[in-house]
Structure formats: structure tokens, C-alpha cells
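Subject: Structure handover

Dear colleague,

I am passing the structure below on to you, together with some notes on what came out of going through it. Please read the notes with the coordinates open beside them.

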Amino acid sequence: MPPQKPLVIVTRKLPDAIETRMMELFDTRLNLADTPLSQAELIEAVKQADVLVPTVTDRIDAGVLSQAGPRLKLIASFGTGVDHIDLKTARQRGIIITNTPGVLTEDTADMTMALILAVARRLPEGARVIPDGEWAGWSPTWMLGRRITGKRLGIVGMGRIGQALARRAKAFGLSIHYHNRRHVPPKIEAELEATYWESLDQMLARMDIVSVNCPHTPATYHLLSARRLKLMKPDAILVNTARGEIIDEGALTKLIEAGAIAGAGLDVFEEEPAVNPRLVRLARQGKVVLLPHMGSATHEGRVAMGEKVIVNIRAFVDGHKPPDRVLPSML
Ligand code: 8YV
């Protein structure tokens, strides 16, 4: 008899090539309908699976994990952020958690740069004019945005994505500033000509553009609080492609409404997929650009994420340490 394959339950539709490979390698249960699982369905899944493959849309909280069956030994998440998983409970239950770092860095940095340009140069507003039949012709004082060359960009979180953004931004003539738990290596700081700010407050008060690129953890929840957002310059813009929870979204909305912050580009929100209707109104007024969590949404990126998930599961099944372990921590 061939050895029994592990039961791998995948919560969302993944790229075809990934699903096919998973079917070949494991006893895989797919979600072809792509409807997010309810909490009850998630509980059912963790009761049965050897390996769960969730995404950011699944809330793997203590309630779900406390019902996990004895077979569940690995959660191989499809994505880099793991804030949708209760890591404390997973650790207590000895469940290994893996993610897919590295393969969505460049795509997310591209999208961050695109949002900076979209807000500063009013791209969504301009792109609506011709399809809406509202173009009366060129005018010297119409549709003016803000130049980004020569401005200061403050990056909150200088990990892989922060650094990839810095490289792009430098090529656009922005000067690079960053706040991080620690300095990046001197070689990288020199390459980027980056200025380190130990004090986030001081950096925020001086930047023309601020980009959030740190993970969401208990320590970064509302890192950009109402108090900190008020430190920003009135002509500054804020961009977030990390996680909605890092910014006090209600406070940001009020400050933009009041003209105390010029605008924002947001790809992530506190209560996804729900978006504060006041932010939606600001988008209609052209003051903010809102994207539906598209930072890593490329065909290539999603296949690479799936391949990482497969590598992690295979390593685990073969009795090795999966390479992208978040838990137990690799530190
Ligand atoms: C992914 C992301 O699309 O990887 C992440 O942390 O935010 C996204 O780019 C999503 O998480 C997939 O689960």
C-alpha cells in the first residue's frame, strides 16, 4: 500500500497550477467556489486536516484553534502577514505556522509606488475625465497635482518591502527616510542614502509622503494613532499597503476631511472588506485613492506564493523543518 498522503485543506481558490500540483502531492481538499469559509466551516476544517492552507480572509482565532483535531500539525498560510492567526494559541498547541515571504516583495513595492503617484498626481480623477465625456481640453491650471521629485519619503518599517520601495522611490528622486526597530545594515543605508529616525514622531512631522510597510502585530496596532497622525504636515500624504490596523483609520479620515492631511492611498483597511463610507466619500472627492487589497495581486506572485506553500508542506511531510517557519520562531 502506498504511504497515506496528508489531508491538506485549502480555504480559497488558488492558481490552477498550484491546485493541480497539490492534488498530485497530497490528499487535497480544494475550495473551487472560492467562497470564504465561515467560522463553523473553519472549525470543521481544522478538526479534520493534517495541514490547513488559509489566507488573510480566514480568522484563525483561539475559538477555531481550540477545536483543532490532533492531526493538525501545520498551518501553511498563503501570504506573508500572519495577523489573521492567533499565534499564541497555535504555539500552545504546538502547531507549526509558515508563510510565504519574499515572493511578493517587488509587486507590493510597485503597488506602493503606484499609490504614491496616484495620490500625488491625481491619477484616478484624471482617468475618469475622458470616459465620463468631461474633457473640454487642456488648461494651464487644471488637474494640477504635486511633484514627487525632491520630496521626502518616510518609510515606517524597513523590511524587505520597505527597502524595495526605497529603491524605487530613490529612482524617482525622493529622499529616503525610515523608522524601524533597528538600523538596516550600513551597506543598505548607504546604497539608499537613507536617514534613520529613531523617533517615529519626529520623522512623521517632517515628511512629505509617509508609507506604512511594517507587519501588523500587537505592537504596531494603531502605531499611527490620532496623536501621531496629527503630527503630519498638512500637505503630506499617507500610503498604506501593509495592514489597515496599523493606522487609526477613523482618525485619518477625520484629519483628511478637515484638511489637516492632504490625502491618502490605501490598499488595506481596518475592517476588510468593509470600508468606512466617509473614506469612500473622500475617494469620490479625489482626496484619497482606495484599492481593494491588490498589493501582491499578480499572476506571477500568486503562483510563487503557492509554490512556497507547497515547499513548506513537503518539507514538513518529509520530516524536515519547513523553510518559512513563523512558529516555532526561527530566531
Ligand atoms: C496577500 C498580503 O494577498 O501576504 C500578505 O500579507 O497582505 C497579501 O498581499 C494575502 O495575505 C494573501 O493571504
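Val239 has Gly265 in β11 as its bridge partner, and this pair belongs to the parallel pairing of strand β10 (residues 237–240) with strand β11 (residues 263–266), which extends over four bridges. Helix α11 (residues 249–257) packs on the sheet here, where it touches β10, β11 and β12, and its direction makes about 145° with that of β11. Please keep in mind throughout that this is a predicted model.

The sheet in question is open and has seven strands in the order β8-β7-β6-β9-β10-β11-β12, with parallel pairing. Its edges are formed by β8 (195–196) and β12 (288–290), and because each of them has a single partner strand, one side of each is left without a neighbour in the sheet. A further helix, α12 (residues 277–284), lies across β11 and β12 and runs at about 115° to β12.

There is also an open sheet of six strands, ordered β2-β1-β3-β4-β5-β13, in which the pairing is mixed. Its edge strands, β2 (27–29) and β13 (325–327), each pair on one side only, and neighbouring strands of this sheet are turned by 25° against each other on average, with direction ignored. Within it, strand β1 (residues 7–10) pairs with β2 in the parallel sense over three bridges, and Ile9 stands opposite Arg29 in β2. Helix α2 (residues 39–48) lies across β1, β2 and β3 (51–53), running at about 160° to β1.

Which residues surround the ligand? They are Thr55, Val56, Phe78, Gly79, Thr80, Gly81, Leu104, Arg243, His293, Ser296 and Arg302, and by class this shell has three nonpolar, six polar and two charged residues. The protein covers 89% of the 330 Å² of accessible area that the ligand has on its own.

Conventions:
Residues are numbered from 1 along each chain as its sequence is written. This is a predicted model: local features need pLDDT of at least 70, side-chain atom pairs count only at pLDDT 80 or more; totals for chains, interfaces and linings use all residues. Side-chain values use heavy atoms; hydrogens and water are left out. A residue is near a molecule or strand if one of its heavy atoms lies within 4 Å of it. Accessible areas come from the Shrake-Rupley method with a 1.4 Å probe; for residues, only the protein chains shown count as cover. Ala, Val, Leu, Ile, Met, Phe, Trp, Tyr, Cys and Pro count as nonpolar, Asp, Glu, Lys and Arg as charged, and the others, Gly among them, as polar. Two strands pair if DSSP finds at least two bridges between them. Helices (H or I, at least four residues) and strands (E, at least two) are DSSP runs, numbered from the N terminus. Axes are lines fitted to C-alpha atoms, for helices over the stretch in contact, and angles run from 0 to 180 degrees between N-to-C directions. Contact means heavy atoms within 4.5 Å.
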